[in-house]
Amino acid sequence: MDPASRKVTEYIDRNKNRILDFLCEFVSKKSINHGTPGTGDELEAQNWVRERFQEMGYDEVDYWFPDEAQKRPNVAGILKGKMGGRSLILQGHVDVVPVPDSELGLWKTDPWKGTVANGNVYGRGAGDTKGGNTAMIWASKAIIDCGIKLKGDLLVESVIGEESQEGETIGAADTIKRGHTAQFAIVSEPTNCEIHTESPGVFLFELTVPGKSSHTASRNQVIFPQRYGIDTGMSVGVDAISRMKMFLDLFERLELQWNQRWRSKVLGSGGYPVPNDKQGVGLFTINPSFIEGGTYLGSVPGYCKLTCNVWYPSWLKVDDVISELRERVHALAQTDDWLRENPPLLNGPVLQNWRPFKIDVDFEGVKVLASSYEEATGEKATHSGFRATCDATWLNENGVPAVTFGPGGLELGVHGPNEYVPIDELIRCAKVYALTIVNWCGVKT
Ligand SMILES: [Zn+2]
């Protein structure tokens, strides 16, 4: 380790308790986003971040409202490079998902007060992504407090609106519109300290299967063959909910085939080296998120609507996936007398359409992040794909190559009760961020 790297890692070890206090206080700044545009309340937390940034001694702290009608600021702390070295963005979202009343009783600690216990920090946002943000902020604080002068620019950004896909508009993407760009970016999502160079995309579609309502007293005629001359089957009624079963089966078979068909070294494969990957294999799924149907308590159900959430690989377009779904639904409908004449309707994307991201695993920034990981931990970094979507998509789409790398995991209570981040991962990531700053931006000696 060179002297600058040794100084910053020792600084982080020395300040472990202050880092934990910082995260606990950060958690208490309720920055709830209800998940739809315009419902984020990030103001108090962002004001707190701005104050911390101002105390730290960045060359510049930028704080701005991307949409004047909403009091939802983004904040960036900037260290200006002294000699035209490579520039780096460390970015994390400040908004967190709500804690529903129905889940409050399941929490063992107060979700709105960070709590240190069992080697973890518990609290809403501890993993997603105030833990990662804390590690990024303290990595930059280590650089400043150790008196290290960087050759390239460093930007540490706290952004709004990730949970509501507003990163595409007023959050992550807006930082670039504001003029804050760099040659490489790391997004602080919880990746179990794995380097994620790719994510799948996600969208939802609705499938509506038509039926034919009739009195439940005539259900016998709807479902059982009748004597010659008596009406039976679809001339009397069609149970749309029952018809939906064939499509549920179809989608289950399809998600199995997708994971046999769509394979890559990075995304959904278990990563490499495999034994360290925590996410598992088979990311391409069709989840039945909602189902509704039926028209009246005394009627054979006249319609059924299924809403599915689909994860697809980074190398496909959403329209390609929807085309396949339409073809499969159409082909299956041809096997049924009623559905051949009364085709089901597939509508999508609806509700959400979040595109994937992908950068080359051989990109120089990825190599520097991986070697910094090795330098900080003495172990090889695990490369994999992120299992969810995040703001890295909007950075990549706006010309800044971005990966995700951060402490905690999506399976550690994120978007559920008892969210937490392991302290050893928090500290490990702070060191890796700090060494990546040193190794990527360069140090003026
Ligand atoms: Zn989240």
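Guide: In this predicted model, a residue is called buried when its relative accessible area is under 20%, and exposed when that area is over 50%.

Visitor: What makes Cys-193 buried?

Guide: Its relative accessible area is 3%. The cut-off for buried is under 20%, so Cys-193 is buried.

Visitor: What about the sulfur of Cys-308?

Guide: The closest cysteine sulfur is in Cys-304, at 11 Å, which is also too far for a bond. Cys-308 has a relative accessible area of 1% and is therefore buried.

Visitor: How many disulfides does the rule give?

Guide: The count is zero.

Visitor: Why is Ser-5 called buried?

Guide: Ser-5 has 0% relative accessibility, so it counts as buried. This residue lies in helix H1, residues 3-14. Leaving out residues up to four places away in sequence, Ser-5 touches Glu-375, Leu-435, Val-438 and Asn-439.

Visitor: What puts the buried residues of H1 on the same side?

Guide: The buried residues are Ala-4, Ser-5, Val-8, Thr-9, Tyr-11 and Ile-12. They cover an arc of only 155° around the axis, so they share one side of H1. An α-helix has 3.6 residues a turn, so residues three or four places apart point the same way. On the other side of H1, Pro-3 and Arg-14 are exposed. The cover over the buried residues of H1 includes helix H2 (16-28), H5, helix H11 (364-377) and helix H13 (423-441).

Visitor: Which residues are buried in helix H3, and what puts them on the same side?

Guide: Ala-45, Gln-46, Trp-48, Val-49, Arg-52, Phe-53 and Met-56 are the buried residues of H3. Their arc around the axis is only 155°, so they lie on the same side of H3. Gln-54 and Glu-55, on the other side of H3, are exposed. Among the elements covering the buried residues of H3 are H2, strand S1 (60-64) and strand S2 (74-79). Just after H3, Gly-57 has a positive phi of about 95°.

Visitor: Why is the site of the zinc ion called irregular?

Guide: Four donors count as tetrahedral if all angles lie between 85 and 135 degrees. Here the angles among the four donor atoms run from 53 to 145°.

Visitor: Which residues supply the donors of the zinc ion?

Guide: Asp-128 (OD), Glu-163 (OE), Glu-163 (OE) and His-415 (NE2) do, at 1.9 to 2.7 Å from the ion. Asp-128 and Glu-163 link distant parts of the chain, 35 residues apart. Both Asp-128 and Glu-163 are buried.

Visitor: Why is Pro-417 called partly exposed?

Guide: Its relative accessibility is 27%. Buried needs under 20% and exposed over 50%, so Pro-417 counts as partly exposed. Pro-417 sits in the loop between strand S16 (402-404) and strand S17 (420-422). Apart from neighbours within four places in sequence, Pro-417 is in contact with Glu-103, Leu-106 and Trp-107.

Technical notes
Residues are numbered from 1 along each chain as its sequence is written. This is a predicted model: local features need pLDDT of at least 70, side-chain atom pairs count only at pLDDT 80 or more; totals for chains, interfaces and linings use all residues. Side-chain values use heavy atoms; hydrogens and water are left out. A disulfide is a pair of cysteine sulfur atoms within 2.5 Å. Buried means under 20% relative accessible area, exposed over 50%, partly exposed in between (1.4 Å probe, protein chains only). Helices (H or I, at least four residues) and strands (E, at least two) are DSSP runs, numbered from the N terminus. Contact means heavy atoms within 4.5 Å. Donors are N, O and S atoms within 2.8 Å of the metal (3.2 Å for Na, K and Ca); water is not among the atoms, so sites may look incomplete. Four donors count as tetrahedral if all angles lie between 85 and 135 degrees; four count as square planar and six as octahedral if opposite donors are over 155 degrees apart and all others between 65 and 115; anything else is irregular. The arc is that of the directions from the helix axis to the C-beta atoms.
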